Amino acid sequence: MARSYNRANIFNWSRRALLGAVAIGALGISGPLLAQSNEPIKLGLLISHTGGDAISGLNGKAGVTLAVDEINKAGGILGRQVEIVAADDQSDPTAAVNEARRLSSQEKVDLVFGPQSSQRTLAVLPVFTDAKIPQISTSGSLEITPQKGPYNFSVQANADAQGYHMAHYVTDVLKAKTAAILTDNGAQALSGVPYIKKYLEEGGATVTGVQEFPFRSEDKTAQLLSLKSGNPDSLVIWANTPEDLGVLMNNLADIGWDDVPLSGPNATVMQAASAAKIADPNQFDKVAGVAYVGWTYCPGDDMTKNPFVEFKERLKAANPSNYDSLLPTISGYAYDGIMVMKAAMEATGGTDPEEIKTWIENNADKVATVSGPMKASAESHFLAGREVLTPILNPLDVNEQGLFKRADCK
Amino acid sequence: MWQEYAIILIRGIGLGSVYALIAMSFNIVKVSSGILNFAQGNMFVLGGMLAYAAVALFGQPSFIVWLLLIPVAAIIIAVVLLIQGYLTLLPLSYSDDQQSWLITTMAVSIIIGAVLLLVQGPNALMVRSIFPNVPLFGMRVPAPFLLAIGLAVFWYVVLQWFLSKTLTGLAISALWQDPVAGRAAGLKVRRLQLLAFGLSGLIIGSTGFVAAPIITIASDSAVAYVLNGFVALVIGGVASNTGALIAGPLVGVAAMLATFKIGGEFQGLVSMLILVGILLIRPEGIFGSTAARRV
Amino acid sequence: MTSKISTGEHMIAARPSTARTGPSILDRSAKIQVVIGIAILVVATVVPSALGLSYWIGVINLATIYIVASVFMGLLLVDAGQVSFGHGAVFGAAAYAVGVACGMHGFSFPVGILFGVAAALVIGILFALPALRVQWFYLGFVTLSAAMVFPQMLFAFDSLTNGLNGISIPFTALNTPTAIGLSILSILSLVLGSLAILTSAIFPKTKLGRRMRVAAASPEAAQSLGISPGRMRFTAFMIASFGTGLAGVLYPPTVGFVSPNAFHLDISILFFFAVIVGGKGQPLGTIAGITLLYMLPNVFLAQLVEYRPLVYGLVAFLVMLLMPSGIIGGIVRWLTLRQKPQAMPALQFSQIVDATQSAKHPVGDIAIEIEGLRKVFGNVVAINNVSMNVRRGEIHGLVGANGSGKTSLLNVLNGFTNSDAGSVKVNGKEITSLKARDVAHLGVGRTFQTPRILEQLGAWDNVQIGLDAKLSPNPTRVSPAFVDSLRDTLGRLRTESIPHGQRRLLEVIRVILTDADILLLDEPAAGLSPEERVAFAGLLRDLRDKLGLTIVFVEHDLDLVARVADRVTVLESGAVIASGDVASVWENPRVKPLFVTVRHA
């Protein structure tokens, strides 16, 4: 048995070696051909230029554009320039599907960035899977699996990972026994709620109430008063716009509940500075958020050549007029997504979707990224897992380079 | 416990006063020309943008400067509305199809939203109130909520006086009663209708300016205000400013109470049920006039 | 004062009645439009499939589905006068039902269709119920808020709908090309699209279509013709929901995915815009509307990306500014305005009744018997203890000063208003608790002080609705030759061009065509020239003598009353002050002084 097993192995090995030799030979022939081809690589930018998610679109576009400019200046990918083909999903799944079809069958793009929300990513997944187009999306729903979208990778922290850190901050750091949850009624926040609840309960905390407010609503007093009546030790919040976060902070102060500790997602870290334009900055010392490791520092870290800081400088140079309206955090992971794709194409020598997929699954952590170390596997295509995230306290407490201080610094 | 209800009541009335003001600005145009201006929400947001511009220009303006800036903002928006009104009324004068306004006003709303998105981007503008918060029942209320209540009462009084005591106002009221007879009686109908557009601009411009710190000033936030204004208008009864003054706060308080007692996710449903319920009991709204005899 | 409510506030356009060439049920313009419309759909469906352009196949299928939904939204808006800003919810419900049935529970697509149409009808009923009570933009806002709440409810019931994440369904078989090169889905959308265009042209020419238009334009005219406006509205919502539901069920196979975010307000607004920008009531209208508002910004100018909403808004704005009746409406209007408007030839009353074909009448000498009738509006006593009767086969004049209660009395007689006390028997049957349309079914027809010749209907259609309301299957008592010549004359006319005086007569003819044996005429001769009055008097006598009709008419022209009436009742402040044959009433000392005021009223 053992012998035959070994022989089979040897046979397999030799067959693989032979196949490999053939493949290398083929590459040897096709490689130079590819390199000689001056056909640009077409990158479909399928994001929300208009509609309710246009803020994500704005920031995603800035990151992708910067990445493509840098790539092209450095000679392109495999000697080919990258050309962006813009498409607007209008924050609407129907339009997303139509534009996905246009990109795949009319424009014949080689890869795609977007969409930037799970609802639209799930809608276009069949289109890009059928067309075998590698895709970087920023979507956090766990329904997006490698089975449904083998060529899709997400650079956004998923609902599970964010919920994990938000809940663990409450149970581990605050050691709170009770918590209330307040979210906006956007898809991202609502899909996070089940995970927040799950990890809170696993950590031994009771959820005293759950409330939601309409996106960009003027007043959250009623929600807060109703949650306050449950008398929780802590409040988990998920507000995706700075206006909502600012109003929420103000309303907490209005009803005299500004002493409650808050735990928020990525968005809280990103939006705090804008929110403080209308809210009292002092209130934020009770606010925690979840950050990508790349955005953070601990005192004593070597701050020279910090990738995220340098990225922000380049982003500012590329967008001198509207840098203030950008969120470098979102642009940053969009940038990372393109860089991961570039590395995969260079390593595999082309745009073959199967090879790119396998390469990213095995080698994503070798790519130099600005948001933090990315990683994927055959089981998960979320490049930003739990490990790349870290809780921070007080998102206004940044160093002179604009990095957030980690909550777990010694 | 009662303090919580008191605070909800006051904030609900404050926010509802904004809806009431939007409804009143609808009313005056509706009365004069039968037009419901769907772009009114954008005009409201533009008013808020002027407040943002004022802060950008004057830093945090003093009370006096701020007070003087209200009419300036109102007049700027009134001019914008005059232009829109002129264009909206244009096809009505040469076509026997009198419903083109429905599309043109919605289209203007889409155009303004699209231009704001291109110029200003998708982010919202945020304005900090120049007034301190007002302490009430052991809690505090931002001043713009109370200022909105005051502004609603102010415009209500002005409108009631204008429509019942001045010749021009009476002429506009007459157009609502019977546009054909009004024309026959020699009223300069188009001019009166334009005036109404301008007046609605004064109302909505001042409202946007005053309420700027508590509203969302963004390219796509107009729809929500149009809808809340319409709900107040329909519940109060079209053409009735008294109805608007009462229905606006009613909607505001009901939405907040529903959120407080049932949950924020049902806010939309509760508002709709109130709307349907009131319409089923009183199809013309609370203060709407009942239909004239048809035969 | 009255017309504002009945017509001005409704979203219905005059269906342009262009010249007729033959006895076909469609006029030339509609025929041409249907042919062009179906040709466009066929070419747009076949060409991308032949060339294998998968993107275009998807886009055309989706646009066709949108056209179908807009056609039925247009039917609701233009034919039934019902404003729905929430039609996207009907569409979305059908799509979601298919998604849930096929995507989550594994049913086959045909079963999904059943679920989808059923779901659309449920939303249709939810919309129709408030429509029975509220109208115009009140209804618009009820439906609009329902459409706003719809996606929220899809979120809220996520165990049923898979909530935020939506449902992905491949439907590969439907999208695979068949032997003829088109996929089953393309064939389905093409057939549905063509049927929808055909429906939009034919429906207004059907009896149901005409009745719906009457109910929308003038509920009171509808009731007087025995039509229930509520039932018409309900029917309209059901038809519209059915058609929109069929469009909605094709959405999941076309897009491959359903998600709550796909059925926001925007899609309702798109359907509404498409109908009006394309041209209300034009068969080609929705094709033009969807092409301009959907295809242009989303497909032809897709590369414009963030400028797309600006294009969308500007197109809609400019079209309405330059062509207030929409693209196709504007073109048709321009073409018909170049034709010389036809003047209406005078109607020859003498031909209306050519032979004595007296129909069977209910037995009994008394047609209407009124006993102690009383009606109070607020503080005003409109009808004060009126007792009188109208004999069968007589012409009965109702006279009195303005505000003396004549029209109020007519309104009670045909069931528009319920009396506060007293009894009214028509053909021996108590009617005080009946609705107007039930009174109409008893054989009571009426005309109005402001004639209800509706510009929302073609000229001939305005008369034909009388035939539609015919009470008995017998051939009409009016001379067929006259009906034919009238059809021929009116078929060439635009309703707007009918002079006011003639409108009253057309209304009278309409009522006669219903086979009613009691006619209530409200100032039928107002606006007629002296010669026409003489002819009209002859007509009334013919109706009485040859057809045996009973006629009650309100009239200010006392000479006319004296000439034709058998008996007269004089009202003052809601009370009868004299009743009897003309000669005796005229001599009544209480009546005499009134004449002076009446004549000058």
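Predicted model: local features only at pLDDT ≥ 70, side-chain atom pairs only at ≥ 80, totals over all residues.
**Figure 1. The two assigned domains of chain C.** Even so, the two domains do meet: 16 residues of domain 1 of chain C are in contact with 18 residues of domain 2 of chain C.

**Figure 2. A closer look at the domain 1 side of that contact in chain C.** Which elements give two or more residues to the side of domain 1 of chain C that touches domain 2 of chain C? They are α10 (207-217) and α11 (219-224) of chain C. Of these, α10(C) gives the most, with 7 residues. By class, the residues on this side of domain 1 of chain C divide into 6 nonpolar, 5 polar and 5 charged.

**Figure 3. Where chain C meets chain B.** Here 40 residues of chain C are in contact with 40 residues of chain B. If you follow the chain C side, you will find that α1 (3-8), α6 (136-156), α14 (265-278), α16 (308-322) and α18 (406-413) of chain C each supply at least two residues. The largest share of the side of chain C that touches chain B comes from α6(C), with 10 residues. What classes of residue make up this side of chain C? There are 29 nonpolar, 8 polar and 3 charged residues on the side of chain C that touches chain B.

**Figure 4. Where chain A meets chain B.** This contact takes 28 residues from chain A and 30 residues from chain B. On the side of chain A that touches chain B, the elements giving two or more residues are the helices α2 (54-73), α7 (221-228) and α8 (242-254), together with the strand β7 (206-213), of chain A. Helix α7(A) provides the largest share of this side of chain A, 5 residues. The side of chain A that touches chain B has 12 polar, 9 nonpolar and 7 charged residues.

Figure 5. Strand β3 (residues 366-377) of chain C pairs with strand β6 (residues 421-426) of chain C in the antiparallel sense, over 5 bridges. Together β6(C) and β7(C) form a hairpin with 2 residues between them. Look in the turn for C:Asn427, which has a positive phi of about 50°.

**Figure 6. Two helices of chain A crossing.** The axes of helix α5 (residues 159-173) and helix α6 (residues 187-202) of chain A come within 8 Å and cross at roughly 40°. At what kind of angle do α5(A) and α6(A) lie to each other, oblique or roughly parallel? Angles under 35 degrees count as roughly parallel, and α5(A) and α6(A) are therefore oblique to each other. The crossing of α5(A) past α6(A) is right-handed. Residues to pick out on α5(A) include A:Tyr164, A:Met166, A:His168 and A:Val170, while those on α6(A) include A:Tyr195, A:Ile196, A:Tyr199 and A:Leu200. The residues of the contact between α5(A) and α6(A) divide into 9 nonpolar, 6 polar and 1 charged.

Key: Residues numbered from 1 in each chain as written. Chains lettered and ligands numbered in written order. Contact = placed C-beta atoms within 7 Å. Helix = DSSP H or I, 4+ residues; strand = E, 2+ residues; numbered from the N terminus. Nonpolar A, V, L, I, M, F, W, Y, C, P; charged D, E, K, R; others polar. Pairing = 2+ DSSP bridges. Axes fitted to C-alpha atoms, helices over the stretch in contact; angles between N-to-C directions. Parallel < 35°, antiparallel > 145°, perpendicular 65-115°, else oblique. Left-handed = near helix turned anticlockwise from the far one by under 90°.
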